[in-house]
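Reader: I would like to learn how to read a model of a protein chain, one feature at a time. Where do we begin?

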Amino acid sequence: MDEFMELEEGPVSGDDLIAELPNLYPETVDFLNSLGMHCIGCAASQYETVREACRVHGLHPGKVVRELNRIITGG
């Protein structure tokens with residue numbers, strides 16, 4: 001399976017900026033921190049997409065996006 005394939009649609013996509021998530025969806029912060037993605041507060045997060053952040057942290061973007069959307073939608 002393509003590592004960048006997003007398996008579900010929802011409010012978050014791999015193209016969203018990582019810095020936007022805490023403001024728009026504060027319920028995602030604990031999940032991102034649990035993945036070691038403390039980048040949500042760093043300067044690079046202003047320009048880094050969810051997909052790029054996943055690549056930097058060695059995570060599967062599709063799985064991360066799917067879980068973010070599950071958290072946000074309560075699914």
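This is a predicted model: local features need pLDDT of at least 70, side-chain atom pairs count only at pLDDT 80 or more; totals for chains, interfaces and linings use all residues.

Reader: Now the whole chain. How many helices and strands are there?

Author: The chain has 4 helices and 0 strands, and its pattern along the sequence reads α-α-α-α. Of its 75 residues, 35% count as buried. The accessible surface comes to about 4300 Å², and carbon and sulfur atoms account for 50% of that.

Reader: Which share of the contacts joins residues at least 24 apart?

Author: Take the contacts between residues at least 6 apart in sequence: 66% of them join residues at least 24 apart.

Reader: Is Val56 buried or exposed?

Author: To call a residue exposed, look for a relative accessible area over 50%. Val56, which lies in helix H3, residues 50-57, is exposed because its relative accessible area is 60%. Val56 also shows how sequence and space can be read side by side: Val56 and Met37 are 19 residues apart in sequence and 9.5 Å apart in space, C-alpha to C-alpha.

Reader: How do I read a residue in a loop, such as Thr49?

Author: Start with its place, then its accessibility, then its contacts. Thr49 sits in the loop between helix H2, residues 29-34, and H3. Buried means under 20% relative accessible area, so Thr49, at 15%, counts as buried. Leaving out residues up to four places away in sequence, Thr49 touches Gly14, Asp15, Asp16, Leu17 and Ile18.

Reader: And what does Val50 contact?

Author: With neighbours within four places in sequence set aside, Val50 is in contact with Val12, Ser13, Gly14, Asp16, Ile18, Leu21, Val65 and Leu68.

Reader: Which residues touch the most other members of the largest nonpolar core?

Author: That core has 14 residues, and those touching the most other members are Val12, Ile18, Leu21, Leu32, Met37, Val50 and Leu68. The elements that give two or more residues to the core are H2, H3 and H4. H4 gives the most, with 4 residues.

Reader: Next, charged pairs. How many salt bridges are there?

Author: The count comes to 2. In one of them, the side chains of Asp15 and Arg51 meet, with N to O at 2.5 Å. This pair links distant parts of the chain: Asp15 is in the segment before H1, Arg51 is in helix H3, and the two are 36 residues apart.

Reader: Are Asp15 and Arg51 buried or exposed?

Author: Take each in turn. Asp15 counts as exposed because its relative accessibility is 52%. Arg51, at 18% relative accessibility, counts as buried.

Reader: Which residue does Arg70 pair with?

Author: Arg70 forms a salt bridge with Glu67, and their closest N and O atoms are 2.6 Å apart. The two are 3 residues apart in helix H4, so about one helical turn separates them. Arg70 counts as partly exposed, at 38% relative accessibility, and Glu67 also counts as partly exposed, at 23%.

Notes. Residues are numbered from 1 along each chain as its sequence is written. Side-chain values use heavy atoms; hydrogens and water are left out. Buried means under 20% relative accessible area, exposed over 50%, partly exposed in between (1.4 Å probe, protein chains only). Contact means heavy atoms within 4.5 Å. Accessible areas come from the Shrake-Rupley method with a 1.4 Å probe; for residues, only the protein chains shown count as cover. A salt bridge is a side-chain nitrogen of Lys or Arg within 4 Å of a carboxyl oxygen of Asp or Glu. A nonpolar core is a set of buried Ala, Val, Leu, Ile, Met, Phe, Trp, Tyr and Cys residues joined through side-chain atoms within 4.5 Å.
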